[in-house]
Amino acid sequence: MSSVFKFRIELEGSNPKIWREFLAPSDITFYKLHHIVQIVMGWENYHLYEFTIDSYRIGQQFEDDGFNGPHEVIDSHRIKICDVLKSKGQKLHYLYDFGDYWEHSLTLEMNIDDLIIPFPVCCAGELGCPPEDVGGLPGFYDFLKIMGKPKHPEYKEFKKWVKSKLVAINGKYDPEKFHMEKVNWVLLQLDVYIKEWENEYNEQ
């Protein structure tokens, strides 16, 4: 039976809260959910990631060492979200970039039965995603303070730096804006997005 999960994702520690709500088919893998999260949040998708819930650790496996203990990372390609998420209110922890350490909470807000959607859809959200490699939340809030002071000695350097980031629209970064139309345009082409990411990843 087909069903759709409605999620709310929040960037932990952000104040005011940076959040999104989105719909996704319940039978997708955690691998696909990772890519959806990257798109709806606004990350650039070139760092490591991991989902955790209860005793599950789900993410990228680089080699099989033969150890199958309770804390082994499960390959995100091999497990569907409906295998883990069963009831409204369940929470996942999603960690992106083990250096900057962006922590997210993912809450299953609703399970909608007998619904089929052709691609994931972002329903709502507030505030822009931090720029990639800004130095985690402390670095992000320091960056915002500097960007609010044009006379700061680092202002010009940061203004030039942020232009190259995905979060900059037409060369400008506005932390107050969330561009939901852009997000949904990318989600519409999710399979193409993943294929292009895989091609680039395999070339590295």
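Predicted model: local features only at pLDDT ≥ 70, side-chain atom pairs only at ≥ 80, totals over all residues.
Which residue forms a salt bridge with K195?

## A pair in helix 5

K195 forms its salt bridge with E198. Their closest N and O atoms are 3.8 Å apart. Both residues lie in helix 5, which covers residues 190–203. They sit three residues apart, about one turn of the helix.

How exposed are the partners? K195 has a relative accessible area of 47%, so it counts as partly exposed. E198 is also partly exposed, at 21% relative accessibility.

## A network of charges

Salt bridges with shared partners link K6, R8, E10, E21 and E109 into one network. One of these bridges joins K6 and E21, with 3.4 Å between the closest N and O atoms. K6 belongs to strand 1 (residues 3–11) and E21 to strand 2 (residues 19–25), so this pair ties together parts 15 residues apart in sequence. Both K6 and E21 are buried.

R8 and E10 also meet through their side chains, at 2.7 Å from N to O. E10 is partly exposed, with a relative accessible area of 22%. Across the whole structure, a search finds seven salt bridges.

## The nonpolar core

Nonpolar side chains tend to be buried together in soluble globular proteins. Here, the largest nonpolar core has 47 residues. Those with the most contacts inside it are F7, F22, F30, L33, F51 and L106. Helix 1 (residues 30–41) gives the most to this core: eight residues.

What does F30 touch, leaving aside residues up to four places away in sequence? Its contacts are F51, I58, S76, I79, K80, I81, V84 and L92.

Note on methods:
Residues numbered from 1 in each chain as written. Heavy atoms only, no water. Core = buried A, V, L, I, M, F, W, Y, C linked by side-chain atoms within 4.5 Å. Buried < 20%, exposed > 50% of the residue type's maximum accessible area, 1.4 Å probe, protein only. Helix = DSSP H or I, 4+ residues; strand = E, 2+ residues; numbered from the N terminus. Contact = heavy atoms within 4.5 Å. Salt bridge = Lys/Arg side-chain N within 4 Å of Asp/Glu carboxyl O.
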